[in-house]
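Please look over the notes below with the model open beside them. They go from the whole chain to single residues.

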Amino acid sequence: NGALNLRVLDLNNNKIGDVGATAIGKYLQSEGASKLEELYLSSNEIGDGGATAIGKGLQFNGALKLERLSLYGNEIGDVGATAIGKALEVNGALNVTTYLSSNPISQSTKSEFQSDSRLKF
């Protein structure tokens, strides 16, 4: 099965929005995502709903090997950023660098997660 060998998925600039991000979040919870190392979702009009779904995927799949998650330049606010930050707290073994810059995330939310070096605001 080819999906089990997917290591890099680049969907930058595809306007997948929350619907597409929710599908990706479900995929991240599956066995098929266990070998995924890099996921690029920048500039896709993803908001809090999609980011929350991605957070669930990060939280609930202990087999994930994801190392890089790019969510740069979306519409993710405090709710979505918090969902991703909390997911990384729950799945502490996941060593994924997550890029969230150029999103409308407040300074207070950024400060809440400043000690987690996996989050790049």
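1. From the N terminus on, the order of elements in the protein is β-α-β-α-β-α-β-α-β. That gives four helices and five strands. Helices (H or I, at least four residues) and strands (E, at least two) are DSSP runs, numbered from the N terminus.

2. This is a predicted model, in which local features need pLDDT of at least 70 and side-chain atom pairs count only at pLDDT 80 or more, while totals for chains, interfaces and linings use all residues. Residues are numbered from 1 along each chain as its sequence is written, and side-chain values use heavy atoms, with hydrogens and water left out.

3. Along the principal axes, the C-alpha atoms fill a box of roughly 45 × 30 × 15 Å.

4. Of the 121 residues, 44% count as buried. Buried means under 20% relative accessible area, exposed over 50%, and partly exposed in between (1.4 Å probe, protein chains only).

5. Contact means heavy atoms within 4.5 Å. Among the contacts with a separation of 6 or more, 83% join residues 24 or more positions apart.

6. Where does Asn-61 lie? Its place is the loop between helix H2 (48-60) and strand S3 (68-70). Asn-61 counts as buried because its relative accessibility is 6%. The side chain of Asn-61 reaches the backbone oxygen of Leu-28 at 2.7 Å. Leu-28 is also one of the contacts of Asn-61 once neighbours within four places in sequence are left aside; the others are Gln-29, Ser-30, Ala-33 and Asn-91.

7. Glu-45 has a positive phi, near 60°, and is not a glycine. The residue sits in the loop between strand S2 (38-40) and H2. With a relative accessible area of 41%, Glu-45 is partly exposed.

8. Ser-102 is another residue to check: its phi is positive, about 60°, although Ser-102 is not a glycine. Ser-102 is found in the loop between strand S4 (97-99) and helix H4 (107-112). Is this residue buried or partly exposed? Ser-102 counts as partly exposed, at 46% relative accessibility.

Technical notes. A polar contact is a pair of N or O atoms within 3.5 Å; within protein, one must be able to donate a hydrogen and the other to accept it, and residues adjacent in sequence count only if both atoms are side-chain atoms.
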